[in-house]
Amino acid sequence: MVLPALVPAVFVVAGGVGAAAMQSLGLMPLVGPVRFSADAYTGQAEDLFRALGLSLAIAAVSTVIAAVFGVGTALLIVGGRWCGRILAATSAATVTIPHLIGAATVGLLLADSGVLARVLGVPPELWPSLVGGPWWLAVVAEYAWKESAFIALIVAGTLITRVARFDEAAALLGATRWMRFRFVMLPLALPALAISSTIAFVYTLGSYEVAWLLGRTYPEPLAVMALRLFNSVSLTARPEAAAAAVLTTLVSFLVVGACFWALRKTALWR
Amino acid sequence: MSRTVSLHEVSKTFGASQHPALTGVSLEVPAGSCTAILGPSGSGKSTILRVIAGLERVSAGKVVVDGTDVGGIAAEKRGIGMVFQRPLLFPHLSVLDNIAFSQRVGGASRVASRRHAQHYLDLVQLGGFGARSVQALSGGQEQRVAIARALAAAPGVLLLDEPFSALDPALRDDMHELLDDIRRAEAPTIILVTHDRDEASAVADNIAVIDGGELLQHDTVDHLYNRPASIRVSRLMGGLNEIEGTVQAGMHVSPLGRVPVPANTPDGPGILVIRHEAIEVSPCTEAAAPPSGVIGHVSRVRRFGPRRMVSVAFRGGLLLHAALPPGDAVRDGCRVSLTLPPQAVSVVAVPIGPVFGEPGSGAPR
């Protein structure tokens, strides 16, 4: 039944990753002879590690913020009041906005001559470097905003279908609102939260457009590095671009694997 | 410690609905007693429990527990336990931790709360099941754990919202016995919602019959069967026999004849009701009717398990239904004498307007 969907998916993923891996190892050169080599990795090891650290930091911070706000929003949505319905509609609308548009919006909002600085009457020289600054705050803000809406909808879906009656049962056993969140809602929402957060993390790790638009030129995250090298006028940079892409993919697989390994150990998953 | 529950003119309307779920319900449940709330689906019986538990706010009236109006008290602070139709065991906790939940959220250590929980696990006869996952339990075991979990919170009032309706008859009998054991051991005030007359009679001291959001009668089990307050109650209790006539000086006069009725029955139009289980049917006979009996002809005999239901026809198309014990020899067309015991005869007012349902709606029990 799933074979028609599985075959093209495996072909694209395995083919894409395999081609990138072969290119990064000199086995699929655009010019010159085929020669196995790890030069694309070792020759730029320092840059790769710096880019990896930056990518992980951006993805981790924005995912944690998105998870906290996403769970909070999900609880308000499940609460069923009018503000919950507004939040659900806002979250659904937010998810449909492309990241590139979101990045441009955040840029216009947070730049030193942006809407926020003008509304608050802060001159550009006194406005903190949110866009293109050393702490990548605009990048983190954009990812956190967009991914919090995604996490909120996934977690709210789980809470609404599975948890509402459990919440009542817990209340009648004397659990306060906080205790119900701590001992019932959160454990039951954990698989959905873990999976949606992992998706958000992996997406943030692998996407380039927001960091490319709102971040600094150096150091650069892995995805931006891969794009820059791929678009380089020198065709010999292609293996290095592929090395950055392969490293991103490996880390993503590791994160996804760790998430499922942890989930399989929970009572709920069993 | 069991507690008294009183509802005073409680009404409840959901949202902008035109039809209230509850209308002026007043009910008194004494401490330590067991009351069954009986009614058809959608009659508002579960809403009564949710209002008492604090899961719904009343639109009017008040809920009083041990003399205190609990209207402004949150569900978690009312000291009222509830078991739902679905057990709602927390799937991320073991059986023992489910039962220990109330102690745990109350601030007890994991060890102390588990020790406390073990007593209740033993009480529901699942002593060795503590370490199991709740997914490894059968339906009956799940409901036992749900009851133990509710009891472990030491509620003064235990609300049971059709907790046994999904169980098969044998398991349901086991659960009724368990409820009896729990009443002996813990003596909580129990309010049980059910649509099953047999279940209500088996476990409760009193039954409150509700329909269309109105409380029709709250009385002992015997009175509800033999002295229904209205034709609606008679039908909801499974009454099959309704004979229109007039009461004159302690006798109900109808095409059936003159039947003695309780002494305090007022004169005037009235419907005679009598349980089919209470009517005594003679074997086929040519003898005259006994003093409190009538003569008719068997028009139909139907089997219900070991028992049979006999329909006896009278003048003017009148029919009486009677339940026969196994082995009685009657057959279609034979002349029989029916004895109507005075203690089982009752007269209810002729309803104004239509009465929903039919006599004996639901299979005879």
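Q: How many helices and how many strands does chain A have?
A: Helices (H or I, at least four residues) and strands (E, at least two) are DSSP runs, numbered from the N terminus. In this predicted model, chain A has eleven helices and zero strands. Its pattern along the sequence is α-α-α-α-α-α-α-α-α-α-α. Along the principal axes, the C-alpha atoms of chain A fill a box of roughly 75 × 60 × 30 Å.

Q: What numbering and which limits apply to the model?
A: Residues are numbered from 1 along each chain as its sequence is written, while chains are lettered from A and ligands numbered from 1 in the order in which they are written. As this is a predicted model, local features need pLDDT of at least 70 and side-chain atom pairs count only at pLDDT 80 or more, whereas totals for chains, interfaces and linings use all residues; side-chain values use heavy atoms, with hydrogens and water left out.

Q: How many residues does each chain bring to the contact?
A: Contact means heavy atoms within 4.5 Å. Chain A brings 21 residues and chain B brings 21 residues. Buried area is the accessible area (1.4 Å probe) that two parts lose on being put together, summed over both. Between chain A and chain B it is about 2000 Å², and carbon and sulfur atoms give 71% of that.

Q: How many salt bridges are there between chain A and chain B?
A: Side chains of opposite charge can pair when their charged atoms come close. A salt bridge is a side-chain nitrogen of Lys or Arg within 4 Å of a carboxyl oxygen of Asp or Glu. The count between chain A and chain B is two. Glu76(B) forms a salt bridge with Arg180(A), with the closest N and O atoms 3.4 Å apart. On the side of chain A that touches chain B, the elements giving two or more residues are α7 (137-171) and α8 (177-206) of chain A.

Q: Which residue of chain A forms a salt bridge with Asp167(A)?
A: Arg180(A) does, and the closest N and O atoms are 3.0 Å apart. Arg180(A) lies in helix α8 of chain A and Asp167(A) in helix α7 of chain A, so the pair ties together parts that are 13 residues apart in sequence. Over all chains, the count comes to 18 salt bridges.

Q: What is the phi of Gln125(B)?
A: Gln125(B) is not a glycine, yet has a positive phi of about 60 degrees. Gln125(B) lies in the loop between α4 (110-123) and α5 (139-152) of chain B.
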